[in-house]
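Work through the exercises below with the structure in view, trying each task before reading its solution.

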Amino acid sequence: MKIIRTVWGSLEHTIREVSNKFKFENEIIYVWGSDNDNHLKNLGYETFLMSNDSCDPRYSSQLNKYMHKLLAIKHADETYSEYLLIDWDTNLISDLDETFFNLLRSGADVQCPIYALPSNFIDIINRQNISTEMQEYFQIQHEFLKKYSWKFNNLHVIPNFSFFYSKGAKIGKELIKISI
């Protein structure tokens with residue numbers, strides 16, 4: 001199984017985290033930005049350069065913020081029969097050992113955690129003493145959830161692409177089409 005992590009945007013914000021990050025066996029980093037790629041290679045990481053630019057303004061909005069992960073999934077589908085994509089900031093509480101991999105393999109061919117917010121979360125947020133900037137952020141998030149989330153038992157449910165497992169599913173192209 002290939003372990004894939006992605007680096008997108010400026011490394012200056014996460015340079016310490018990247019430098020101190022442990023490495024997985026059989027890992028590759030999909031990286032955006034030539035400077036990021038060079039830095040990671042100098043730290044000993046195996047990389048695959050997805051783009052010479054560290055970010056794509058077409059995908060920098062709240063609506064498209066996961067597009068780089070979908071592009072990584074599409075490329076991984078074309079390259080590997082089985083892989084696990086993990087974000088840099090994902091806090092792993094399990095070892096990625098044979099027991100963990102066997103558990104993944106015993107489940108569905110595609111696994112991606114989801115998270116859910118109550119449909120009235122914006123009302124709850126508005127009762128909090130938070131900055132205007134944060135209120136505006138949550139309002140944008142609320143509008144996004146109303147429009148794009150799945151509805152389940154009074155919840156807004158969306159995938160969390162910090163962890164994505166695929167065993168031959170080959171759904172990257174379709175996810176990109178859906179997103180666009």
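**Exercise 1.** How many bridges join strand 1 to strand 2, and do the two run parallel or antiparallel?

*Solution.* This is a predicted model in which local features need pLDDT of at least 70 and side-chain atom pairs count only at pLDDT 80 or more, while totals for chains, interfaces and linings use all residues. Residues are numbered from 1 along each chain as its sequence is written, and side-chain values use heavy atoms, with hydrogens and water left out. Strands (E, at least two residues) and helices (H or I, at least four) are DSSP runs numbered from the N terminus, and two strands pair if DSSP finds at least two bridges between them. Strand 1 (residues 2-7) and strand 2 (residues 27-32) are joined by five bridges and run parallel; Arg-5 stands opposite Ile-29 in strand 2.

**Exercise 2.** Find the order of the strands in the open sheet, and then its edges.

*Solution.* The six strands follow the order 3-2-1-4-9-5, with mixed pairing. Strand 3 (47-51) and strand 5 (110-111) each have a single partner strand, so one side of each is left without a neighbour in the sheet.

**Exercise 3.** Describe how helix 3 packs against helix 7.

*Solution.* Take the axes as lines fitted to C-alpha atoms over the stretch in contact (heavy atoms within 4.5 Å), with angles running from 0 to 180 degrees between N-to-C directions. Helix 3 (residues 67-79) and helix 7 (residues 172-179) pack at about 155°, their axes 7 Å apart. The two helices are therefore roughly antiparallel (over 145 degrees).

Technical notes:
Parallel < 35°, antiparallel > 145°, perpendicular 65-115°, else oblique.
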